[in-house]
Amino acid sequence: MDSLEMNSEPKDRHSKLLCLDVKVWIVILLVIMISGFVALTIGIESLNCNSHDCSPQSFTQTLQQTGNWRNRLMYPGNGKGAAASRIQDSESDVPISFYAYVSDDFRIEKNSGHMFTYDVVVTNNGLGYNKTTGVFTSPISGVFAFSWTVVASGSHLKGSSGSYGEISTHILHNGHIVGTLNADTEKQYDDAVSTGFVVLNLEKGDVVQIASAWKSQGAFYSNTAFGRWTFSGFQI
Ligand SMILES: [Ca+2]
């Protein structure tokens, strides 16, 4: 028995040591797991928008800080114009463009040489269009497209009588006719609508407007029911 008791002591010690080793290893594993979890949490938090400004403004600021950001957002070879319109961070980046229309039905009293004015301005980027004169003055040199629409009435409006609406209009570039558009009604309720489109090379300060060189007949619609007289242009 004595010998057995003497032999059993090292076994107990070994068991205790083994048991201690297991506890230590468990603690070490727990420490490693907790450390990993904390590190992962910090990493995720660093990517979380709750701790950072992830707003579009912040995105733009980041792009600006990286430098040359505008060129990367523009189309290659396009220093201004179409690509700039997609940024629109300042007025100068918006392409020159305008759109205006006549607010009401009208007659033309003059026999010839009428210059049209479009009094409702919807778009006027670059402020080239003047609603008082109806003249677009180009703020820059470049290629521009222009469109205008005329609407002749097959009804007697604004005191008109006799013949129904008929008119020939021109688009003028620095006073020269570069396009002609006609609308003609031959009988009552036979309204007529025409739209013209031109592309022009303009120098800075060039003027473009719509005019009628000949005497017109009758009256003209410009309303939401039958159509509008419009004048628009934009930088290409
Ligand atoms: Ca006619």
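**View 1. Contacts across the whole chain.** Among contacts in the protein with a separation of 6 or more, 70% join residues 24 or more positions apart; two residues are in contact if their C-beta atoms, placed from the backbone, lie within 7 Å. This is a predicted model, where local features need pLDDT of at least 70, side-chain atom pairs count only at pLDDT 80 or more, and totals for chains, interfaces and linings use all residues. Residues are numbered from 1 along each chain as its sequence is written. The protein has 3 helices and 13 strands, which are DSSP runs numbered from the N terminus (helices: H or I, at least four residues; strands: E, at least two).

**View 2. The largest nonpolar core.** Here you can look for 24 residues, of which Val150, Val151, Ala152, Ala183, Phe220 and Trp229 touch the most other members. A nonpolar core is a set of buried Ala, Val, Leu, Ile, Met, Phe, Trp, Tyr and Cys residues joined through C-beta atoms within 7 Å. Strand 7 (142–152) is one of the strands that each supply at least two residues of this core, and its share, 6 residues, is the largest.

**View 3. Around Phe220.** Leaving aside neighbours within four places in sequence, Phe220 is in contact with residues including Asp105, Phe106, Val151, Ala152 and Trp229.

**View 4. Gln235 in strand 13.** Strand 13 covers residues 230–235 and includes Gln235. Gln235 is buried because 23 other C-beta atoms lie within 10 Å (buried: 20 or more such atoms; exposed: 12 or fewer; partly exposed: in between; C-beta atoms are placed from the backbone). Ile140 lies 95 residues from Gln235 in sequence and 9.4 Å away in space, C-alpha to C-alpha.
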